[in-house]
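Please look over this note before you open the viewer.

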Amino acid sequence: MDFIELEAMEGLRWAWNSWPVSKSESNALVVPLSIMCTPLMQFNELPLLPYDPLVCNQCGAILNPYARVDYQSRIWVCPFCYKKNVFPRSYVGIGEDNIPAELFPTYSTVEYQLGSKGNLNLSHNWGSGSDVGLNQSNSLGSMNGSYSSGSLSGMDGRGGGGGVGTGPAFVFVLDGCSGEEELRALRNEILLVISQLPDNVLVGLIVFDSFVRVYDLGFTECLRVVLFNGERQVSSDETKQLLGIQNIKQQLGRPHATERQGFLLPLSECEFSLTAAIDDIRSLTHTMRAYRPQRCTGAAISVAVGLLEGCLVTTGSRIMVFTSGPATIGPGMIVNSDFVNAIRNHRDVDSGHATLYRKSCDFYKQISARLLASSIVLDLFACSLDQVGAAELRVPVERSGGFMMLGESFESDQFRKCLRHIFRHDDDGSLKMCFDATIDIVTTKDLKICGALGPCVSLQKKNGSVSDKEIGEGGTHMWKLGTLDNRTCIAFFFQVGSEQMPQPSSAFFIQFITCYRHGNMGIRKRVTTVARRWVGSQSADIDAGFDQEAAASVMARLAVQEAEKRYYPDVIRWLDTMLIRFASKFGDYVAEDPSSFRLASNFSLFPQFMYYLRRSQFIDVFNCSPDETAFFRLMLNREGVVGSVIMIQPTLFQYSFDGPPVPVLLDVCSISPDVILLFDSYFCVVIHYGSKIAQWKKLGYDKDPNHESFRKLLEAPEIDAEQLVADRFPVPKLVKCDQHSSQARFLLAKLNPSVTQNSTYSDGRELILTDDVSLQDFIEHLQTLAVQG
Amino acid sequence: MSFQVNNNNRPPFPPPFAQQGPPGPQQGPPGPRPGPPPPGVVPRTPIGPPQGALGPPNAPPGRPSGPTPPFGVRPPGPPPPGAFSSAGPAPPPPGTRPGPFQSAPMNSGQVPPPSTGAPGPFSNGPPSGGVQGGPRFPSPVGMQRPVSGPPSLPSGPPSLPSMPPSAGMRPFSGGLAASPLPGPAPLAPSFASHSQGVPPPPLGSSAFSAPAQGPQFQVSPFGSQPWSMQQRQVAPPSAIPGAAPPPRMYNMPGPESAASISPAMSQGPSKIDPNQIPRPIPSSSVVLHETRQGNQANPPPSATTDYIVRDTGNCSPRYMRCTINQIPCTNDLLGTSGMQLALLVQPLALPHPSEEPIQVVDFGESGPVRCSRCKGYINPFMRFIDQGRRFICNLCGYTDETPREYHCNLGPDGRRRDADERPELCKGTVEFVATKEYMVRDPMPAVFFFLVDVSMNSLQTGATAAACSAISQVIADLPEGPRTMVGIATFDSTIHFYNLKRALQQPLMLIVPDIQDVYTPLQSDVIVQLSECRQHLELLLENIPTMFQNNKTADSAFGAAVKGAFLAMKSTGGKLMVFQSVLPSVGIGALSAREAEGRTNITAAEKEAHKLLQPADKILKTMAIEFAEYQVCVDVFITTQTYIDIASISVIPRTTGGQVYYYYPFSAVSDPAKLYNDLRWNITRPQGFEAVMRVRSSQGLQVQEYSGNFCKRIPTDVDLPAIDCDKTIMVTLKHDEKLQDGAECSFQCALLYTTVDGQRRIRVSTLSLPCTTILSNLFRSADLDTQFACFLKHAAIEIPSSPLLQIREQMTTLCINILHSYRKFCATVSSAGQLILPEALKLLPLYTLEITLDKSSLMLLHLQL
């Protein structure tokens with residue numbers, strides 16, 4: 001079974017594709033029953049249905065291909081609860097040879113546009129699939145164009161589905177303490193973004209240094225700014241009161257009904273003052289020597305949230321924070337401005353010496369709750385050589401589904417690409433961005449939902465299929481996401497129900513219902529219904545259905561979650577225990593004989609993934625700042641299986657004269673003077689030139705027409721690297737380095753240290769100076785421990 | 001008794017000035033002015049055409065600069081009949097006047113006010129001559145001698161101007177002699193002009209016109225007029241007590257004149273001849289005054305005269321004058337006299353243009369020579385002994401080594417040979433350049449921060465526009481240069497700061513919405529060098545009225561705004577000028593309309609009237625103390641049409657050494673010019689910042705208390721965030737021990753301050769006065785003006801805490817005590833019905849009467865203190 005192919009159809013990766021019927025057996029699997037779900041996956045074919053879905057009266061499931069349909073009496077039986085539902089009148093034409101798209105067996109996923117004017121046409125003939133609009137393009141939102149005419153005639157270009165005049169709201173929160181150069185780059189970038197925004201979006205501008213300055217964009221006489229003291233924590237109500245926006249009752253379609261406020265205005269009304277205000281931002285630093293600039297990031301975010309709360313934006317909103325240094329005053333500060341005090345590191349956090357850390361985290365937890373209550377997304381763009389407090393900010397960013405970028409400079413390409421990526425448009429001009437999403441899971445009775453790991457928040461909605469056991473965000477069948485894109489991936493965890501044993505080889509169903517506000521402000525509902533089989537005990541199907549990549553990424557998320565709660569050694573121990581249990585369960589061996597240990601091919605990579613996971617920056621925080629760790633973990637928590645696996649175990653390609661590029665072992669042995677290595681760890685792409693190659697390059701052989709092949713050899717990895725970089729978001733750091741150069745550390749740190757200073761035979765080959773255990777030793781240990789039973 | 005009778009006969013007599021003024025002179029803005037101002041509120045006569053233009057036709061001759069002889073001469077012009085006819089239904093024929101003044105009759109309570117300008121305007125700051133284009137401060141000459149005719153506004157409504165208590169405050173407020181003069185002076189003119197007509201002329205303000213004096217008074221039984229003023233005033237320099245005629249001669253009619261009086265007495269023994277009442281006669285001639293002559297202190301000329309001082313050892317009376325020019329040796333003696341011993345200190349007083357400027361002495365690194373015990377500064381009265389190697393401090397008596405570099409041999413006369421070359425050894429007032437030792441930080445820049453009310457009312461009444469235009473004009477007068485910093489903010493229910501330091505065209509408005517817990521933008525954003533932002537500022541000021549045109553916020557966060565502005569200035573200190581138009585209703589220190597509360601219960605309001613003069617709460621006071629600590633001086637310009645609770649607001653300027661300017665009811669037509677003029681004088685007059693003042697006195701005396709507008713933190717020093725030429729501080733003294741008869745007693749006032757151009761200076765004024773054990777000497781050397789100013793100040797301090805009636809009684813009692821003491825111990829026996837007045841204090845009853853009569857002026861006093 002090709003899991004990747006399956007993923008392309010379903011948008012799901014199952015750690016186990018066949019589930020054992022008993023609870024005890026499922027527990028023995030070590031890797032929990034889990035699904036890596038990419039709710040808004042791009043599909044080659046995605047039917048977009050311009051009508052509301054049919055919902056089962058009893059369990060809330062949506063009509064799907066697995067439902068039994070009685071065309072005669074026009075009844076469908078819900079596959080989840082077996083309740084009989086009657087088709088409404090609009091489905092009058094339904095028949096064996098005229099079925100709606102949602103019943104097409106090939107469409108495990110369909111998308112509905114809610115509240116659209118184009119209702120199901122009574123006389124419509126669903127006859128063939130080609131009659132239904134399909135989204136052939138890869139983009140998320142450009143479905144409107146490809147409809148067959150007729151039923152959709154009523155929709156306007158902005159997209160039906162409740163699309164309205166007012167767009168989403170963006171509050172730009174800029175760090176006024178950035179240096180002048182940095183600010184200029186930032187200003188230009190934001191101006192560019194703004195110039196490309198649709199006219200109907202609401203915009204607000206906040207600049208902070210030791211004060212929070214909220215720009216009044218509706219005031220034309222001069223630039224008008226409301227000032228908040230950065231050192232004070234202002235509650236939501238106080239913020240509204242101080243801004244004078246307390247009593248606004250803004251309604252959809254009738255903005256600013258009661259009172260005019262100028263802090264958040266449609267771009268069409270304030271573009272001039274907004275650009276003037278942005279142009280006007282100058283570096284506000286008045287720093288003394290030996291002091292950090294006074295920055296009140298926390299207060300600024302709090303005010304921005306208050307502003308959006310006060311304006312009662314219902315169309316989705318984002319707060320985008322651009323900062324270039326640590327918060328040094330007010331709520332959420334991570335260090336005070338005296339350079340005598342260093343910014344906290346992992347050791348401080350672990351040992352409890354980082355007094356500000358807890359306080360700051362508590363503050364951001366409150367912010368996080370406020371963000372959720374108002375469906376606001378918080379994004380953090382940190383361009384700083386120093387830490388900015390991303391560790392503290394991770395909770396609100398992650399839980400609101402926001403984006404985080406850690407860069408070094410606003411002038412960098414990385415930042416530019418990230419920002420532009422977020423503000424992508426689709427063909428009809430609406431943003432490729434969605435807001436205020438919920439994911440609802442409907443399952444058959446035998447299944448229990450344990451929880452989810454990813455950028456989502458439990459809505460605490462319980463029903464019969466919610467398990468008592470919670471993993472991550474649990475206790476619910478419904479989750480909320482501030483925003484998501486077509487790569488956002490959430491791990492869902494399940495459990496076999498204990499009440500009654502299902503029949504082996506019978507099917508079970510899971511339906512994912514993702515409801516979200518599209519960039520054009522229409523509301524969409526995407527429904528994915530999938531089925532798998534129960535299998536009896538000891539069935540080979542269980543082994544066959546193991547997806548080690550999915551399992552590795554699930555384990556990675558679990559390990560990260562553990563790491564949040566425990567100290568590093570405990571996490572490692574936990575991982576090791578899991579792996580040993582896993583090995584002894586699925587290994588093929590004679591007890592007490594390590595040499596007899598074998599793993600089937602579809603399990604064989606898993607220990608290796610675990611080895612690299614142990615060494616990865618997600619678990620081993622040595623050499624990382626808390627900010628970086630937070631960022632890495634946040635990215636891991638939302639990345640799909642493919643990306644996650646790269647993050648865990650980077651890929652390494654070798655380019656040589658011998659032939660086309662080949663993947664090589666992620667091992668120090670792969671380094672050789674006469675090859676080029678292309679290393680990809682997701683966050684970082686390294687082109688590593690062997691010493692000979694580097695020398696040739698230095699001598700300029702690549703420019704010599706006689707050495708055409710050398711030039712080509714040099715070009716090949718660069719082209720590939722560019723491809724890798726282009727597709728990825730956030731944009732990875734691209735490093736080109738020569739063997740033995742300092743930059744080579746990016747590569748060396750990730751390689752398996754099979755040759756170290758302790759190795760007997762190094763005979764001039766590359767070695768890594770480390771005491772870390774090499775993969776070989778690790779596997780040996782694993783075998784020994786696994787066979788002990 | 002007699003007074004009573006007399007006065008009762010004149011019921012319709014002159015209404016108070018305030019009422020009379022407006023209808024007379026300027027019909028101009030008549031409408032809006034209400035008649036009598038509500039209690040507690042200070043009415044204000046509008047500035048109008050110069051007084052000279054109105055009033056009795058013969059006014060001009062009275063002008064000081066006129067060629068006419070001084071008033072004292074009493075030209076025998078025919079009396080304007082009108083004046084007198086209106087003076088009362090039954091002006092008693094001269095003949096019927098009883099001679100002697102009764103000693104006890106000053107039953108002031110019922111005497112109708114002799115119309116002074118008392119309720120007149122808070123004349124703020126500069127002589128209003130400025131409005132008329134008169135030269136402003138730098139050339140005081142102009143003001144001093146108003147060009148003949150019409151000008152010299154000041155002679156107008158005899159304002160009880162800014163500092164009623166101290167005539168010294170505005171010594172130059174335009175044509176000294178002629179002007180009604182501040183303080184106690186207002187009375188003077190009226191009396192003078194109308195000579196004996198006790199009642200001031202009906203025409204009120206214009207009263208000074210000379211002609212009023214009728215010849216018939218000359219023939220009054222008191223014709224001898226032994227106490228005529230001219231004599232003393234004409235020759236003040238020589239008016240050394242010793243040289244003067246025996247004291248008694250100046251007393252009220254002695255026995256020798258009894259004969260002439262008798263006829264009058266026979267006619268009505270219980271009556272007093274108003275003609276006999278002494279009255280001040282201003283002299284128009286300039287007097288030359290040497291502070292010391294023949295190594296003796298020379299009693300200063302009256303504060304109301306025009307004099308030129310030559311500093312010959314003692315400081316000029318402008319800087320410091322004492323209530324008694326001879327110091328009683330014992331406390332008992334002082335007690336017996338009933339007089340007060342106090343100094344009025346006005347360290348930066350404006351000198352006469354013809355006077356020598358104060359010399360600046362730089363001692364270099366080491367700083368000025370000081371007594372090592374009492375820290376008194378070197379002065380002409382320090383005695384050098386032992387060939388100049390040591391000197392004895394005249395203040396504490398300690399003997400100090402002379403610093404080597406300061407050593408100089410003594411001449412045969414026992415003085416240092418270089419005494420005449422060194423200003424600090426021959427001048428009563430010198431300025432020392434302060435060394436680092438005197439600075440806790442670098443001298444502060446001159447920071448001017450303007451805070452303008454832009455609430456709805458303020459905009460609608462035009463107050464905002466007036467303030468903006470005044471500021472806009474005034475910034476042109478601010479000194480250019482890197483040390484002049486300005487800032488501006490506006491406020492309604494929020495505070496709006498403006499960032500002017502910007503390369504871009506648009507100013508940036510920074511709003512501070514939190515008025516409970518105020519903060520302020522970075523100082524460097526808000527307070528900018530004037531040279532950097534002049535254009536921006538002008539543009540902004542022009543725009544502010546339109547920018548807030550549609551402001552619907554009626555609330556005003558005065559307290560918060562002041563606090564906010566203070567926070568912006570905190571690091572430097574400076575002057576904060578607030579333009580406030582409505583009752584502060586929100587934010588820190590919000591006030592409520594107490595007056596309305598009072599009205600609901602009228603009887604309670606009557607009883608507790610003085611409580612309305614107390615600040616509503618302590619919040620503003622606490623703030624003010626903090627301001628003072630950080631050297632921020634607050635001036636408040638109240639441009640209102642409603643109740644605004646000045647009693648509470650004024651706490652801030654009072655504590656920070658500032659001033660209240662009151663424009664009520666504000667008129668967009670007539671007030672802007674005045675506002676501008678006041679503001680200009682406020683910032684252009686000579687002034688200093690971050691000042692500390694201390695007065696030292698010789699052993700045996702010590703300072704009891706300082707009073708004035710400043711912050712009291714430690715009892716010995718006076719902290720003044722800002723001090724200017726108009727500010728006077730009263731220093732009361734008390735005896736520690738007996739002083740030696742015949743010795744001299746010194747007072748030294750040292751003011752450490754920063755000049756506008758950023759130099760740290762110490763201005764030291766030294767006054768040395770003889771001590772005496774003889775009571776009559778005290779009376780002879782009493783300084784009426786100073787003494788009365790002290791009276792007033794005391795009264796003003798009392799006002800918020802005691803009922804008015806009580807204060808009046810106190811004043812009367814004080815006066816009586818003095819006179820009684822004089823009569824009992826110094827005067828020769830005379831008939832019981834006779835009032836005997838010491839020459840020096842002969843006007844005391846008159847002044848006392850005046851002040852006790854006028855209710856509102858007393859109230860005002862309090863605010864102006």
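The points below go from the whole interface to single residues.

1. This is a predicted model: local features need pLDDT of at least 70, side-chain atom pairs count only at pLDDT 80 or more, and totals for chains, interfaces and linings use all residues. Side-chain values use heavy atoms, without hydrogens and water, residues are numbered from 1 along each chain as its sequence is written, and chains are lettered from A.

2. Start with the contact count. On chain A, 21 residues are in contact with 21 residues of chain B (heavy atoms within 4.5 Å). The two chains bury about 1,900 Å² between them (accessible area, 1.4 Å probe, lost on being put together and summed over both). Carbon and sulfur atoms hold 58% of that area.

3. Which strands of chain A each supply at least two residues of the side that touches chain B? They are E12 (211-216) and E13 (223-229) (strands are DSSP runs of at least two residues, numbered from the N terminus). E13(A) gives the most, with 7 residues. By class, this side of chain A has 11 nonpolar, 4 polar and 6 charged residues.

4. Val225(A) has Leu510(B) as its bridge partner in E16(B).

Note on methods
Helices (H or I, at least four residues) and strands (E, at least two) are DSSP runs, numbered from the N terminus. Ala, Val, Leu, Ile, Met, Phe, Trp, Tyr, Cys and Pro count as nonpolar, Asp, Glu, Lys and Arg as charged, and the others, Gly among them, as polar. Two strands pair if DSSP finds at least two bridges between them.
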